[in-house]
Amino acid sequence: MLRIAVPNKGSLAEPASAMLHEAGYRQRTDRHELVLADTGNDVEFFFLRPRDIAVYVGSGRLDIGITGRDLLLDSGAGAEEIMQLGFGASTFRYATRPGTAAGIAGFGGKTVATSFSGLVAKHLADNGVDADVVHLDGAVETAIQLGVAEIIADVVETGTTLRQAGLETIGEPILTSEAIVVRGTGSPREEPKVRQFLRRMQGVLVARRYVMMDYDIRAEHLEQAVALTPGLESPTVSPLHHEGWVAVRSMVPTADAQRIMDELYELGARAILTTTIHACRL
Ligand SMILES: Nc1ncnc2c1ncn2[C@@H]1O[C@H](COP(=O)(O)OP(=O)(O)OP(=O)(O)O)[C@@H](O)[C@H]1O
Ligand SMILES: O=P(O)(O)OC[C@H]1O[C@H](OP(=O)(O)OP(=O)(O)O)[C@H](O)[C@@H]1O
Ligand SMILES: [Mg+2]
């Protein structure tokens, strides 16, 4: 049985479970349930704190897990990123009161508060900066107001929390993060099942990002139309009963679908339809 760690709380928990559900896996209905066997799919889910997931997977006790890239790097665990999941996007940045420091070079002798002390200590050391790191569990923005630190390093999504605390970011992001699948770097187990799991998750990403587009067009405009809708492999083209016309079917990115429909219409295409893709294997 493939043993998979899933975030039980926080920003990643709900979208991770939603994605697993879309991939056809059973998910818990009660948030107090910590272990769930999905015997039909031969997998077992362990609902754990996102911060702990890389540790469990790195120890080899669990085969794979869903966590944030920032949490993986902070953990220092023997686990590696094997897939990006397209949700939970954030940056990880330094911030301070305006005028405190222009860049990381000015951090020497100052104190940096963060919940990601492994990541921050390494980043400071890699940049040759000798600053103190104070570990706090959360709400680190307040550490500056309360005089515990002059600088913080934290997750920034919209930037609202920083603005409300009167802080501004310093320098470039330390990293950009998103939800990822991690696997232990030790002796891998259940390799074919891991590959099957990744294919299912990839199928969800594609189904979310693409729609199926169908349209009819005069054969002489086919090449121009196909240039607009090249699909992932190549479009399907079928003859219509109405002579001189063909029907085309192709996958197009959801974000571009309306623009492509307008351009196809201008080319003379008619009966242009899009349908959502429920699931796929490429
Ligand atoms: N707005 C956000 N705030 C915090 N973490 C976020 C945000 N958006 C994405 N993330 C990602 O979620 C992960 C942190 O999850 P975690 O559950 O530890 O904290 P949380 O979402 O802040 O929840 P809580 O603090 O309520 O426990 C990180 O990988 C982080 O990059
Ligand atoms: O850029 P924003 O959209 O404002 O989001 C980022 C904020 O959200 C998280 O805090 P959270 O609410 O999880 O509280 P915590 O600090 O206690 O973890 C994170 O630690 C930042 O403070
Ligand atoms: Mg938090």
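Predicted model: local features only at pLDDT ≥ 70, side-chain atom pairs only at ≥ 80, totals over all residues.

Reply: Happy to. An unreviewed UniProt entry places the feature "domain: Histidine biosynthesis HisG C-terminal" at residues 207-278.

An open sheet is built from 4 strands in the order E13-E14-E12-E15, and the pairing is antiparallel. Strand E13 (236-239) and strand E15 (270-276) are the edge strands, and each has a single partner strand, so one side of each is left without a neighbour in the sheet. From one strand to the next, the twist averages 20 degrees. To see one pairing in detail, follow E13 to strand E14 (residues 245-253): the two pair in the antiparallel sense over 4 bridges. Thr236, for instance, has Arg249 in E14 as its bridge partner. A helix accompanies this sheet: helix H9 (residues 257-267) lies across strand E12 (210-218), E14 and E15, and runs at about 5 degrees to E12.

Now to the other sheet, for the layout you asked about. Its 5 strands form an open sheet in the order E8-E7-E9-E6-E10, with mixed pairing. The edges are taken by strand E8 (132-135) and strand E10 (168-177); each has a single partner strand, so one side of each is left without a neighbour in the sheet. Neighbouring strands of this sheet are turned against each other by 25 degrees on average, direction ignored. Within it, strand E7 (residues 111-114) and strand E9 (residues 151-156) run parallel and are joined by 3 bridges. Ala113 finds its bridge partner in E9 at Ile152. Helix H4 (residues 117-126) lies across E7, E8, E9 and E10, and runs at about 175 degrees to E8.

The shell draws at least three residues from each of domain 1 (2-88 + 178-189) and domain 2 (90-177). Of the 15 residues around the ligand, Gly10, Ser11, Gly68, Ser90 and Glu157 come nearest. Helix H2 (50-58) and helix H3 (69-75) each supply at least two residues of this shell. Sorted by class, the shell has 4 nonpolar, 7 polar and 4 charged residues.

Terms used. Residues numbered from 1 in each chain as written. Chains lettered and ligands numbered in written order. UniProt positions renumbered as here; feature names shortened; annotations may be inferred. Near = placed C-beta within 6 Å. Nonpolar A, V, L, I, M, F, W, Y, C, P; charged D, E, K, R; others polar. Domains from an automatic or database assignment. Pairing = 2+ DSSP bridges. Axes fitted to C-alpha atoms, helices over the stretch in contact; angles between N-to-C directions. Contact = placed C-beta atoms within 7 Å.
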